[in-house]
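Me: I'd like to learn how to read a structure like this one. Could you walk me through it, feature by feature?

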Amino acid sequence: MKELEEYIRRFGTVKEGNVLKVDAFLNHQCDVALFDRMGEEWARLFAGKPVDKILTIEASGIGIACVAARHFNNVPVVFAKKYQSINLDGEQYATSIHSFTKQKDFHVIVAKKFLNAGEHVLLVDDFLANGCALNGLIEICEAAGAVVEGIGIAIEKGFQDGGASLRERGYDLQSLAIVDAMDPATGEIEFR
Ligand code: 5GP
């Protein structure tokens with residue numbers, strides 16, 4: 001999506017440690033008109049797929065997932081919640097995810113009542129790096145018996161492993177912008 005690439009070039013900053021900061025329109029301040037066009041693009045890319053629900057992870061996935069849902073017949077959006085520690089009471093699907101940006105592990109949970117066997121799910125997130133967040137969401141879908149119809153990502157960092165491994169496993173992964181290289185010294189960003 002050329003427009004998203006332009007936003008990234010214009011407003012993004014490249015940090016040490018392979019982190020791209022896009023606080024100006026995605027991760028802190030939210031450009032909802034852009035989110036709307038991203039939702040429209042995912043709807044085009046996933047046209048014909050049955051989608052009963054969108055599943056994302058807090059916090060930054062929530063905004064884009066909610067706006068995207070407007071383009072998928074207003075299906076419900078469920079977000080996996082992050083906790084430092086949890087008491088499992090059997091009413092939740094739970095897994096643990098290593099956070100790329102915070103460099104620590106989180107427990108994530110989804111209440112069983114919000115994800116059901118046989119439901120067709122679209123996974124949405126802001127970034128794809130090594131794939132830990134998505135693998136956690138996939139694990140939760142598998143535990144629920146829900147079907148992952150596709151994965152919509154705003155920004156994939158193509159030089160990290162997550163995207164290649166999810167595509168190899170057969171997932172329909174659609175990233176709106178794929179960064180192939182970025183340089184914290186010059187701020188240069190190359191797209192695929
Ligand atoms: P993964 O789990 O694929 O390694 O990393 C994806 C998650 O980490 C996303 O949910 C996102 O919040 C965060 N993340 C990974 N890389 C970046 C990045 O370069 N910039 C920002 N802002 N978040 C990132």
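This is a predicted model: local features need pLDDT of at least 70, side-chain atom pairs count only at pLDDT 80 or more; totals for chains, interfaces and linings use all residues.

Me: What is the strand order in the open sheet?

Reply: Its eight strands come in the order 5-6-4-3-7-8-9-10, and the pairing is mixed. From one strand to the next, the twist averages 30 degrees.

Me: Which way do strand 5 and strand 6 run, and how many bridges join them?

Reply: They are antiparallel, joined by eight bridges. A94 is opposite I109 of strand 6. The two strands make a hairpin with four residues between them, and Q103 in the turn has a positive phi of about 55 degrees. Strand 6 also runs antiparallel to strand 4, with three bridges between them; there, K82 has V108 of strand 6 as its bridge partner.

Me: What does helix 5 lie across?

Reply: For angles, axes are lines fitted to C-alpha atoms, for helices over the stretch in contact, and the angles run from 0 to 180 degrees between N-to-C directions. Helix 5 (residues 132-144) lies across strand 3, strand 4 (77-83), strand 5, strand 6 (104-111), strand 7 and strand 8, at about 165 degrees to strand 5.

Me: Which residues of helix 4 are buried?

Reply: Buried means under 20% relative accessible area, exposed over 50%, and partly exposed in between (1.4 Å probe, protein chains only). In helix 4 (residues 60-69), the buried ones are G61, I64, A65, V67, A68 and A69. They pack against helix 2 (23-27), helix 3, strand 3, strand 4 and strand 7.

Me: Now the charges: how many salt bridges does a search of the whole structure find?

Reply: Side chains of opposite charge can pair when their charged atoms come close. The cut-off for a salt bridge is a side-chain nitrogen of Lys or Arg within 4 Å of a carboxyl oxygen of Asp or Glu. The search finds eight. One of them joins E5 and K2, with the closest N and O atoms 3.1 Å apart. These two sit three residues apart in helix 1 (residues 2-11), so about one helical turn separates them. E5 is buried because its relative accessibility is 10%, while K2, at 59%, is exposed.

Me: Where do D172 and K49 lie?

Reply: These side chains also form a salt bridge, at 3.0 Å from N to O. D172 is in the loop between helix 6 (162-168) and strand 9, and K49 is in the loop between helix 3 (32-45) and strand 3 (53-57), so the pair ties together parts 123 residues apart in sequence. D172 is partly exposed at 22% relative accessible area, and K49 is partly exposed at 31%.

Me: Is S175 buried or exposed?

Reply: S175 is buried, because its relative accessibility is 15%. This residue belongs to strand 9 (residues 173-182). A polar contact is a pair of N or O atoms within 3.5 Å; within protein, one must be able to donate a hydrogen and the other to accept it, and residues adjacent in sequence count only if both atoms are side-chain atoms. The S175 side chain makes one with the side chain of E156, at 2.6 Å.

Me: Last one: which residues are closest to the ligand?

Reply: A residue is near a molecule if one of its heavy atoms lies within 4 Å of it. The ligand is surrounded by 16 residues, the closest being L20, D125, G131, A133 and K157. An oxygen atom of the ligand is 2.7 Å from a polar backbone atom of G131. A ligand nitrogen atom is 2.8 Å from an N or O atom in the side chain of K157.

Conventions: Residues are numbered from 1 along each chain as its sequence is written. Side-chain values use heavy atoms; hydrogens and water are left out. Two strands pair if DSSP finds at least two bridges between them. Contact means heavy atoms within 4.5 Å.
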